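Visitor: I would like a close look at one part of this protein, the aromatic ring pairs. Please take me through them step by step.

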Amino acid sequence: MKFWKKTLIAIAAITMGTSASISSIHAATSPASSELKNQGELTIGLEGTYAPFSYRENGKLTGFEVELGKAIAKKMGLKAKFVPTKWDSLIAGLGSGKFDVVMNDITKTPARAKQYNYSNPYMKSRSVLIVNTKSNISSIKQIKGKKIVAGTGTNNELIAKKHGAKIVPNGDFTSAVNMVKQGRVDGEINSSAAWYSYKKKNNTKGLKIIDLSKEIKADPISGLFNKKDTKIQAEYNKALKQVQKDGTVKKLSQKYFGTDMTK
């Protein structure tokens, strides 16, 4: 009896060892392995404070791009490692090699396109203008000369500049909303998804939104890569296509946005 127990234990150990070895070999032989920051891991930069894209719930990091990042990494044969970073340092962190990819509601801008590569899009972002209920602003055309909050280097900032606004830099959604509430600025341009997520858990008395979907086209959202990391980008796109095809992306969109934001 003792002999059979020892035999079964030995077999189990060999099986587990073989499985681990296969996993390690797969990660090591991944076409992207030579470019990864850490072997066996896809290091993803994000804010972690920007619901519903990435945020903490009961101390645990979650959100649309967190779950999507895990699903893509798994298809790549890798483990997702998230590095929460403030918006102002996020893109610079990618440039310095702190991450393999940034997933943070990233839209394509001419300035970014010169320095970085993008994945295929995984959703569409629609913009809103958040103003105080006492404001007489009812259109994006009326923000010329007004103080508008927008994160530095974001597409929101480009929209505000294009329409002649005076930019007040702030990449933190909650504090930017508070600035609008307190009347310190005339408004904030941001993602409609971020607004509706905020509205679910916060008091929005004194605030109203202006839907900009008829005035500003929806922007495709993608992962951002260093120009040199073409293998990571290619493997990421391959994995993304798989999770789009099997319905994972659509399901996550319904979960976090309450609608299909992939269209």
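Guide: Accessible areas are computed by the Shrake-Rupley method with a 1.4 Å probe, and for residues only the protein chains shown count as cover. The accessible surface of the protein comes to about 13900 Å², and 54% of that belongs to carbon and sulfur atoms. This is a predicted model, in which local features need pLDDT of at least 70 and side-chain atom pairs count only at pLDDT 80 or more, while totals for chains, interfaces and linings use all residues. Residues are numbered from 1 along each chain as its sequence is written, and side-chain values use heavy atoms, with hydrogens and water left out.

Now the rings. Rings of Phe, Tyr and Trp (its six-membered ring) pair if their centres lie within 6.5 Å; planes under 30 degrees apart count as stacked, over 60 as edge-to-face and the rest as tilted. By this rule there are seven aromatic pairs. One of them joins phenylalanine 53 and phenylalanine 257, a tilted pair with 5.5 Å centre to centre and 55° between the planes. Phenylalanine 53 sits in the loop between strand E1 (41-46) and strand E2 (55-57), and phenylalanine 257 in helix H9 (residues 248-257), 204 residues apart. Helices (H or I, at least four residues) and strands (E, at least two) are DSSP runs, numbered from the N terminus. Both phenylalanine 53 and phenylalanine 257 are buried, where buried means under 20% relative accessible area, exposed over 50% and partly exposed in between (1.4 Å probe, protein chains only). Ring pairs also link Phe53 and Phe257 with Tyr50, Phe64 and Tyr122 into a cluster.
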